[in-house]
Amino acid sequence: MQFSVTPAQTLSGNIRLPGDKSISHRYAMIAAVAEGDSRIENYSGGADCQSTLGCLRALGIGIDKDGSTVTIHGKGLDGFRAPSAQLDAGNSGSTIRMLSGMLAAQPFPCEIGGDESLSNRPMARIMTPLREMGAVIEARDGKFPPMRIQGAKLKPIHYEPPVASAQVKTCVLFAGLHAEGVTSVVEHVQTRDHTEVALREFGAEISRKGPVISIEGRPRLEARNLAVPGDLSSAAFFLVAACLLPGSNIVIEGVGLSPSRTMLIDWLMAAGARIKVLDVAQTAGEMVGTIAITGREVEGGVIEKAVTAALIDEIPVLAVLGAASRKGLTVRDAAELRVKETDRIATVAENMGRMGVSIEVTVDGFHIPGGQRFRGAAVDSFGDHRIAMAFAVAGLAADGPTTVHNADAASVSFPEFYDILGRLRG
Ligand code: S3P
């Protein structure tokens with residue numbers, strides 16, 4: 001599918017967003033190993049979170065769907081059965097990396113793989129700790145999907161991942177859930193903590209002392225009824241669009257405001273965005289609230305060190321903002337961008353070039369001078385959801401029509417994106 005976007009003056013309206021992708025994955029996986037039926041409202045309709053449901057079904061878990069409400073018939077920690085074919089994680093790094101933590105503890109062997117993009121994403125980061133816990137894992141070329149996992153009775157470990165990654169942390173904690181004793185993960189750069197919050201909600205004993213997160217193995221997890229907050233990473237596209245189009249007024253209700261994710265809001269406000277956060281409340285351990293933004297031009301800034309890890313998914317759309325900002329954007333310490341759904345440094349640079357925007361690329365980041373104007377052009381998602389949406393947003397501020405090729409990639413995390421954008425244009 002192609003998406004054609006014409007320049008917009010302003011965007012305005014009140015919206016609610018589909019459920020957070022990260023939280024949806026975690027609720028589904030944890031509910032599957034809890035005892036009894038969990039009802040999850042506002043479950044993400046994105047293809048990635050559907051891949052998680054598909055894998056859980058193939059592992060023998062009953063799942064009913066009614067719109068965006070999903071009921072998972074959990075079977076406890078030992079309830080999975082051997083799948084009859086390779087598990088398909090589709091495009092989803094979260095599905096393959098997080099679920100592998102549970103697969104590593106099963107008494108049967110299984111294979112898990114995905115699409116072409118996923119088949120080129122690094123898995124050594126989870127294979128190393130899972131092997132240390134006792135699982136036998138083989139992968140294509142020793143490091144890429146598909147993986148063949150021969151589960152084992154796992155032993156707990158104390159693990160310090162070499163990369164800041166919530167997926168790796170979750171994988172080890174999910175494996176630790178199945179091991180007798182205490183498994184811990186050391187995290188010097190904090191990543192999103194939805195796993196810790198959700199595990200606690202389902203009844204696990206999990207604690208954090210300084211950088212060390214510890215989980216007590218073999219708990220009895222109880223089914224829960226939960227509602228997934230709106231996805232702040234999806235909100236990012238509209239927050240940036242508002243900054244690009246002064247005079248815009250957008251209110252986003254019911255959005256997840258986990259302190260481990262709100263660096264986005266802090267960074268935008270520090271760059272000069274006019275944002276108000278209202279009606280903040282806690283549900284099931286997650287902060288949820290309303291974000292109101294009034295469009296105005298921003299200064300730009302730097303993204304580096306721990307901030308890079310906190311904003312990793314938002315960098316493509318912040319790059320778009322950077323080009324239109326007064327002073328531009330510098331991104332450092334972002335080598336991880338090169339191993340996302342696409343090499344996001346390369347795909348951002350390619351589309352910026354097509355839109356006539358200059359960008360200097362480094363090994364682990366880029367610099368985009370400010371005060372630039374987007375030229376209407378033909379850009380491509382390269383099959384990457386966040387690249388599709390970031391450059392649809394760039395098209396709103398361009399000097400002529402823009403076509404996003406392979407725009408349907410957005411449905412990996414946010415199938416409703418183009419409709420909601422259309423509504424905000426009025
Ligand atoms: C995610 C963690 C991040 C992020 C991804 C979702 C998660 O990946 O980029 O979109 O839900 O834990 P890494 O753990 O690889 O940094």
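This report describes the fold, domains and selected local features of a predicted protein model.

## Basis of the model

The structure is predicted: local features need pLDDT of at least 70, side-chain atom pairs count only at pLDDT 80 or more, and totals for chains, interfaces and linings use all residues. Residues are numbered from 1 along each chain as its sequence is written, and side-chain values use heavy atoms, with hydrogens and water left out.

## Overall fold

The protein chain holds 13 helices and 23 strands. Both are DSSP runs numbered from the N terminus: helices are H or I with at least four residues, strands are E with at least two. The radius of gyration is 21 Å, close to the 22 Å that the globule rule gives for 426 residues, so the chain is as compact as a globular protein of that length. That radius is taken over C-alpha atoms, and the rule is 2.2 Å times the number of residues to the power 0.38. Along the principal axes, the C-alpha atoms fill a box of roughly 60 × 45 × 40 Å.

Of the 426 residues, 60% are buried. Buried means under 20% relative accessible area, exposed over 50%, and partly exposed in between (1.4 Å probe, protein chains only). Contact means heavy atoms within 4.5 Å. Among contacts between residues at least 6 apart in sequence, 74% join residues at least 24 apart.

## Surface and charge

The chain exposes about 15,200 Å², and carbon and sulfur atoms supply 49% of it. Areas come from the Shrake-Rupley method with a 1.4 Å probe; for residues, only the protein chains shown count as cover.

There are 42 positive and 47 negative side chains. Lys and Arg count as positive, Asp and Glu as negative; His and the chain ends are not counted. The centres of the two sets lie 2 Å apart, with each charge placed at NZ of Lys, CZ of Arg, CG of Asp or CD of Glu.

## Two domains

Domain 1 covers 2-19 + 230-425, and domain 2 covers 21-227. These bounds come from an automatic or database domain assignment. The domain centres, taken over C-alpha atoms, are 28 Å apart. At the contact between them, 24 residues of domain 1 meet 27 residues of domain 2.

Helix α4 (residues 124-133) buries R125, I126, M127, P129, L130 and M133. Their cover includes α3, β8 (136-140), β9 (144-150), β10 (158-159), α5 (166-178) and β11 (182-186). G134 follows α4 and has a positive phi, near 120°.

## Backbone exceptions

Most residues other than glycine have a negative phi, and most peptide bonds are trans. The P145 to P146 bond is cis, with omega near 0°. P146 sits in strand β9.

K305 has a positive phi, near 50°. It lies in helix α9 (residues 305-310) and is exposed, at 61% relative accessible area. N406 also has a positive phi, near 55°. N406 is in the loop between β23 (402-405) and α13 (417-425), and is partly exposed at 40%.

## K340

K340 lies in the loop between β19 (329-331) and α11 (344-354). It counts as buried, at 16% relative accessibility. Leaving aside neighbours within four places in sequence, K340 contacts R121, I312 and D313. K340 and S94 are 246 residues apart in sequence and 11 Å apart in space, C-alpha to C-alpha.
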